[in-house]
Amino acid sequence: MKKYLLLFIITFFVMSCSKKVEVKGKITGSSSLERIEFVEASGVGTLPLINIGLDKDGNFSGSFDAPKDGMYVINYAGRQNLIYLEGGQKVNISGNGTTFPNEYIITGDAKKNNDFLTASMKFLADYGSKVNLAGLMGGDEAAFLKGMHKVEADINKNVDDLAKKNNPSKGLLEWKKNDIKVTILNLLANYEMSHGPMSGNPSYKASKAFKDYETQLETDKDAMVKTIPLYRQYLLVKMTPDFQKYAEANSKGKTGITTSEMFAQYLKTKKDLSQTAKDYLLAFVMAQADIHPTTTPANIDKIKKIIDSDIKDATIKSDLLKMQVAITGLKIGDTAPEAALAKQDGKSYNLSENKGKPYMLFFYASWNPYISEATVPVLKEVVNFYKSKMNFVFVNVDDTKDQFIKTSNSLLKGIQGVNVYGEGGLNSDIAKKYGVYGFKLPCFVIIDKDGKIASRSFVNLGEQELVTILDKQTGLSAPKVEPNAQMQPQLQLDPSAMQQAPQPANPQPAPTK
């Protein structure tokens, strides 16, 4: 009996501590080319946690590990919305392809939390239309502070009433209370910055009552900086004048210093900030300023060193490194990672089979937008020009092997190269090792004859930098094109968009029903 009791306790403990979220549902009127992604809204790298395909009837299902209980972004067809999820939940989501995810219905374990959010969003929409915010922002400070206290009290009363009715989780209720504080803090910051010019009093300084109110709102700084990206923006806005003075005084005679380097040095002087706040703020600045597709190899190395030395939180450190690989690619000069790959006949394939000759990796999937019209014709020209001096490996990351066979046979027929499949698609071994996500498909990586990474990740075959690398690796010289000509529509990777979770116009985000 004790044995079975122990097993029950162990099983319960494992289930209760599970981070996995199971999602399924149906989007009526959807396209089978569309995908659904879930992204942690409060993380620093905000890379997709899962990319789920829909069948012909709009059904979908999948599961992912939730880094923490909190807000997540749903991406679908270029549209986004927010949902509150907790590890271990089973969530059912349904909607219509024309309005999803702006509108959707949620059932299952996450229903009561998101019913609470929906109701609070509806209240704020009504309440916001009745508050004369412009009048408060343009009035004297005493009237403005009185108005802000009333706004805060009214919203908190509504939240308390909705909590009694919907019984949301303790974590969500704490988040909502902090979210209200951050909203008020941003209004205070806007007033402090704009009141002088608006009132014709350029010497205006905020009073002690004003500063005391700010202090009162910031009683839970670490929780806010961890869970609310808007609070990180607030802190950075407040720091900007002081940081600019610091940068001017400490950059004289120095060249090539990055924003991240300077900000990391500046944070060491801020004794009033916790290490948690420093980690999140430095990560935010790195993602905004110095992690982008054209970051130079020298600056990539600098960023990695700062991550290693200045970021103390292991999760933030890991997320930043993953983001850097996803945006800039693997380090040039490192050995190209091997990964589990299979040909159409099921036989395994090793990238090292190309050793002795440079090769291009081309990552793609059947659901890539415009791939057949925009990418494949240019790829065919590139292959035909360079094929005598280099190999081409076409890596499919569709959801199933059957789809891989169908896609490769139809899209790449007649193009010289090796067609291989990464089992599991975007969850495959090769996708993880090369930082391949849905937002950067199709993408291209060049490997040299010694099996070393020779380029960053490219999403556009028409980039001159890529052509230059191909020429260097093969000894050939591609025909020159007009400087403004573009062989393939450019996919813009915006690291700032990845870093900052979307913020709806309403400061109290929630999915609608």
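# A walk through the predicted model

Asp345 sits in the loop that links strand S9 (341–342) to strand S10 (348–349). Asp345 is exposed, because its relative accessibility of 52% is over the 50% that the term requires. The side chain of Asp345 has a polar atom 3.0 Å from the backbone nitrogen of Lys347. Asp345 can also be placed relative to a residue elsewhere in the chain: its C-alpha atom is 9.7 Å from that of Val420, although 75 residues separate the two along the chain.

Mean pLDDT for the protein is 89, and 90% of the residues reach 70 or more. Two stretches fall under 50 throughout. One of these is residues 1–16, which have zero contacts beyond four places in sequence in the model. The other is residues 483–513, for which the model has 96 such contacts. Where pLDDT is low, the predicted coordinates should not be read in detail. The 96 contacts of residues 483–513 belong to a stretch with pLDDT under 50.

Four strands form an open sheet in the order S3-S2-S5-S6, and their pairing is antiparallel. Strand S3 (48–53) and strand S6 (79–85) are the edges, each pairing on one side only. On average, and with direction ignored, neighbouring strands in this sheet are turned by 25 degrees against each other. Strands of a sheet pair through backbone hydrogen bonds, either parallel or antiparallel. Within this sheet, strand S2 (residues 35–40) and strand S5 (residues 70–76) are joined in the antiparallel sense over five bridges. Phe38 has Ile74 of S5 opposite it.

The loop between S5 and S6 contains Ala77. Its phi is near 50 degrees, a positive value in a residue other than glycine. Ala77 is partly exposed, because its relative accessibility of 32% lies between the limits of 20% and 50%. A positive phi also occurs at Asn167, about 50 degrees, although Asn167 is not a glycine. Asn167 belongs to the loop between helix H4 (141–166) and H5.

Leaving aside neighbours within four places in sequence, Tyr231 is in contact with Val182, Leu185, Glu218, Lys221, Met224 and Val225.

Glu214 is part of helix H6 (residues 208–217). Is Glu214 buried or exposed? Glu214 is buried, because its relative accessible area of 5% is under the 20% cut-off. Beyond residues up to four places away in sequence, Glu214 touches Leu185, Leu188, Glu192, Tyr234 and Lys238.

Strand S11 (residues 359–364) and S14 pair in the antiparallel sense over five bridges. Phe444 in S14 is the bridge partner of Phe362. Strand S14 (residues 443–447) is mostly covered, with five of its five residues buried. In a regular strand the side chains alternate between the two faces of the sheet. In S14, Cys443, Val445 and Ile447 are on one side, Phe444 and Ile446 are on the other, and all are buried, leaving both faces covered.

Pro442, in the loop between helix H15 (429–433) and S14, is joined to Leu441 by a cis peptide bond with omega of about -10 degrees. Another cis peptide bond links Phe100 to Pro101, with omega about 0 degrees. Pro101 is located in the loop between strand S7 (90–96) and strand S8 (105–108).

How values were computed:
Residues are numbered from 1 along each chain as its sequence is written. This is a predicted model: local features need pLDDT of at least 70, side-chain atom pairs count only at pLDDT 80 or more; totals for chains, interfaces and linings use all residues. Side-chain values use heavy atoms; hydrogens and water are left out. Two strands pair if DSSP finds at least two bridges between them. Helices (H or I, at least four residues) and strands (E, at least two) are DSSP runs, numbered from the N terminus. Axes are lines fitted to C-alpha atoms, for helices over the stretch in contact, and angles run from 0 to 180 degrees between N-to-C directions. Buried means under 20% relative accessible area, exposed over 50%, partly exposed in between (1.4 Å probe, protein chains only). Contact means heavy atoms within 4.5 Å. A polar contact is a pair of N or O atoms within 3.5 Å; within protein, one must be able to donate a hydrogen and the other to accept it, and residues adjacent in sequence count only if both atoms are side-chain atoms. pLDDT is the predictor's confidence in each residue, from 0 to 100.
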